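Please consult the sequence and the model shown here.

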Amino acid sequence: IASGTAAIATAVLREDPDLVLGTGDLLAEGGDLDGWREVAEAHRALFAQVLYLPALGNHELINDPEARTFRSFFPQADRRYYQVQHGRVLVIALDSNRPNEPAQTRFLAAALRAAPPSTTRIVILHHPPFSVGAHCGSWQEIPDWLALFERHRVDLVIGGHDHAYQRAERNGVAYFVSGGGGAPLYDRASCPEPDEAAVQQYRSAYHYLRVDIDAAGAVSVTARGPGALPFDQVRLP
């Protein structure tokens, strides 16, 4: 576990959140049981006090291709993807290691279709649809998911994978990359035109995102480092 991970977890707890979302890659190798013990220790207070909902990353699959340890840590992810209704917020966690998988696409469509109009819809997944980091975006692999995000007016899609902060927008959907939890950071890369056109902000920084939803359902997102002033803030339309 990177040395900054505990600092991020402490800073997140100081925000007094209702729930915490994770974008995956909690450790370097999913088959490393000592690594999972370090995850538990670094996040001890956070796991004990707040509902923590993570997406499955690619590193959790290294030497554990069925994500057995991840799924035992987070029973709601038994299928590797899941949904949680928390008040007026619907969180949908997808397994982007299996992009556009038909079963997941059906699950996503059903979850979004069933959500009442007043619901704030948040999707988390590890591989960001749009990115100008080292890996670029996964948009080519998930056309059906993107269409559902747009059709059902998903409020917020949050990915990880690229170790930086990014804010993007495409066809009325807000996309964020939050991959600054402690691992070595990435510089901006040259990526295909859809990524370049979508990404509006990029910062190579350790950080977390604070998402605020007011009584009317308006969503604001603030990016900040542990112990630092915010470096990006946006109110979503």
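One disulfide (a pair of cysteine sulfur atoms within 2.5 Å) is found in a search of the whole structure. The model is predicted, so local features need pLDDT of at least 70 and side-chain atom pairs count only at pLDDT 80 or more, while totals for chains, interfaces and linings use all residues. Residues are numbered from 1 along each chain as its sequence is written, and side-chain values use heavy atoms, with hydrogens and water left out.

**Disulfide**

- Cys136 and Cys191 form the disulfide, with their sulfur atoms 2.1 Å apart.
- The torsion about the S-S bond of Cys136 and Cys191 is about -85°, so the disulfide is left-handed.
- The pair links distant parts of the chain, 55 residues apart: Cys136 is in the loop between strand E5 (120-124) and helix H6 (143-151), and Cys191 is in the loop between strand E8 (173-178) and helix H7 (193-198). Helices (H or I, at least four residues) and strands (E, at least two) are DSSP runs, numbered from the N terminus.
- Both Cys136 and Cys191 are buried; buried means under 20% relative accessible area, exposed over 50%, and partly exposed in between (1.4 Å probe, protein chains only).

**Helix H2**

- Gly35, Trp36 and Val39 are the buried residues of helix H2 (residues 33-42).
- Seen down the axis of H2, these buried residues fall within an arc of 100°, so they line one face of the helix; the arc is that of the directions from the helix axis to the C-beta atoms.
- The buried residues of H2 pack against helix H3 (44-49) and helix H4 (68-73), where contact means heavy atoms within 4.5 Å.

**Aromatic pairs**

- The structure holds 11 aromatic pairs. Rings of Phe, Tyr and Trp (its six-membered ring) pair if their centres lie within 6.5 Å; planes under 30 degrees apart count as stacked, over 60 as edge-to-face and the rest as tilted.
- The rings of Trp36 and Phe73 have centres 4.6 Å apart and planes at 40°, so this pair is tilted.
- Trp36 lies in helix H2 and Phe73 in helix H4, so the pair ties together parts that are 37 residues apart in sequence.
- Trp36 is buried, with a relative accessible area of 2%, whereas Phe73 is partly exposed, at 29%.
- Tyr165 and Phe231 form an edge-to-face pair, 5.4 Å centre to centre with 80° between the planes.
- Ring pairs link Trp36, Phe47, Tyr52, Phe70, Phe73 and Phe74 into a cluster.
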